[in-house]
Amino acid sequence: MELQGNILELLDPETRTFKSPNTGEDVEYTSRVLLLDCSTYNRFGDPIENIVPITFTGRCAEGLEAFPKGSEVKVTVTPKGWCVERNGEKRYGVTMRGFSVSLVNPAAQQNNAPRY
């Protein structure tokens, strides 16, 4: 699945540590969140805000800084649904996991960022 929009912000990398269920060893992974502005307008010309946080991990998170803020990009994503139960109440959500980023119109961009 692909999402298209403008890069609103690229958050700093975040490193987390967890225990491997197979070996019990500490495993470290780094993730980075890209805020993609997929906003549009309704038929009356009113803006419809749609800011999508996309999480990149591992090798997919490398090289994201090559895309400047405001660039129009296509991002390949996979949605991942989740459920958390707190105080007897279930909450559901979706996390978007990003895999690749490419410029929509490289000739129109001032900075020719590479495709990953």
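**Strand pairing and the core**

Tutor: The bridge partner of Asp-37 is Ile-51, which lies in strand 6. Strands here are DSSP E runs of at least two residues, numbered from the N terminus, and two strands pair if DSSP finds at least two bridges between them. This is a predicted model, in which local features need pLDDT of at least 70 and side-chain atom pairs count only at pLDDT 80 or more, while totals for chains, interfaces and linings use all residues. Residues are numbered from 1 along each chain as its sequence is written, and side-chain values use heavy atoms, with hydrogens and water left out.

Student: Which strands does strand 6 join, and how do they run?

Tutor: Strand 6 (residues 51-57) is joined antiparallel to strand 3 (residues 26-37) by seven bridges, and parallel to strand 8 (residues 89-103) by two bridges. Thr-55 stands opposite Arg-97 of strand 8.

Student: How many residues has the largest nonpolar core?

Tutor: A nonpolar core is a set of buried Ala, Val, Leu, Ile, Met, Phe, Trp, Tyr and Cys residues joined through side-chain atoms within 4.5 Å, where buried means under 20% relative accessible area with a 1.4 Å probe, protein chains only. The largest one has 17 residues, and Leu-36, Ile-54 and Val-101 are among those with the most contacts inside it. Strand 1 (2-10), strand 3, strand 6, strand 7 (72-86) and strand 8 each give two or more residues to this core.

Student: What is Leu-36 in contact with, leaving aside its neighbours within four places in sequence?

Tutor: With contact meaning heavy atoms within 4.5 Å, the partners of Leu-36 include Leu-3, Ile-51, Ile-54 and Val-73.

Key:
Helices (H or I, at least four residues) and strands (E, at least two) are DSSP runs, numbered from the N terminus. Buried means under 20% relative accessible area, exposed over 50%, partly exposed in between (1.4 Å probe, protein chains only).
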